[in-house]
Amino acid sequence: MLSHSDNPGELFTPEQVLENRGRVAIFIDGSNLFYAALQLGIEIDYTKLLCRLTAGSRLLRSFFYTGVDPTNEKQQGFLLWMRRNGYRVISKELVQLPDGSKKANLDVEIAVDMMALVGSYDTAVLVSGDGDLAYAVDAVSYRGVRVEVVSLRSMTSDSLINVADRYIDLESVKEDIQKTPRNGGNYTYRPLSGISLLDEPQGR
């Protein structure tokens, strides 16, 4: 009985419902996205990513959270480019762990910003598969926010998917967000190269 072809004036397709996103705020876990891109074998084009995640809706702000190595000039250049091209960069210095790896955890910053801006946006787009963020997602959803989680399925906690209103696998949109090889791009260095000190096998 509920066929959207019977009465197109009153009923909407699932896609039309999902398109009614209101004001969008984007929260990107830089480290999580970087490793997802490595798994997919692509380099992210961050201009394309912003367009894909906004998808024609009204963008309030796009946050990019990342650990930084102050001695890495390429990474500093990348983050400067990000700041000048639509992203609000939230950074924390990488901390060396006992095993020699370096890491910066920005879950608290992401959770606090998601909560602090409730009332200013209608839809949150969280680019992360980190299950530690599930409680924050649940909390903002109870404040009336719609939450979309975007991440690579193999790197995503079920607890995060379970509290999201919509889940998008990065695998399904990789063609839309990957950098196309060409001679004169805006930036040629790899993003988050400081984070790659963790366990990236090849030091390109």
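Ser62 sits in strand 2, which runs through residues 58-68, and the model in which we see this residue is a predicted one. With a relative accessibility of 0%, Ser62 counts as buried, because buried means a relative accessible area under 20%. If its neighbours within four places in sequence are left aside, Ser62 is in contact with Ile26, Ile28 and Leu50, and also with Gly86, Tyr87 and Arg88.

One of these partners, Ile28, leads on to the largest nonpolar core, a group of 29 residues in which Ile28, Tyr46 and Leu49 touch the most other members. Several elements each supply at least two residues of this core: they are strand 1 (23-29), strand 2 and strand 6 (123-127), together with helix 2 (30-40), helix 3 (46-54), helix 4 (73-83) and helix 8 (170-177). Apart from this core there is a second, separate one of 23 residues, which includes Ile110, Tyr121, Ala124 and Val145.

Returning to Leu49, and again leaving aside its neighbours within four places in sequence, we find that this residue is in contact with Ile28, Leu33, Ile44, Tyr87 and Ile177.

A last stop is Arg166, which lies in strand 8, a strand covering residues 166-169. Arg166 has a relative accessible area of 22% and is therefore partly exposed, since partly exposed describes values between the limit for buried, under 20%, and the limit for exposed, over 50%. Although Arg166 and Val125 are 41 residues apart along the chain, their C-alpha atoms are separated by 9.4 Å.

Key:
Residues are numbered from 1 along each chain as its sequence is written. This is a predicted model: local features need pLDDT of at least 70, side-chain atom pairs count only at pLDDT 80 or more; totals for chains, interfaces and linings use all residues. Side-chain values use heavy atoms; hydrogens and water are left out. Helices (H or I, at least four residues) and strands (E, at least two) are DSSP runs, numbered from the N terminus. Buried means under 20% relative accessible area, exposed over 50%, partly exposed in between (1.4 Å probe, protein chains only). Contact means heavy atoms within 4.5 Å. A nonpolar core is a set of buried Ala, Val, Leu, Ile, Met, Phe, Trp, Tyr and Cys residues joined through side-chain atoms within 4.5 Å.
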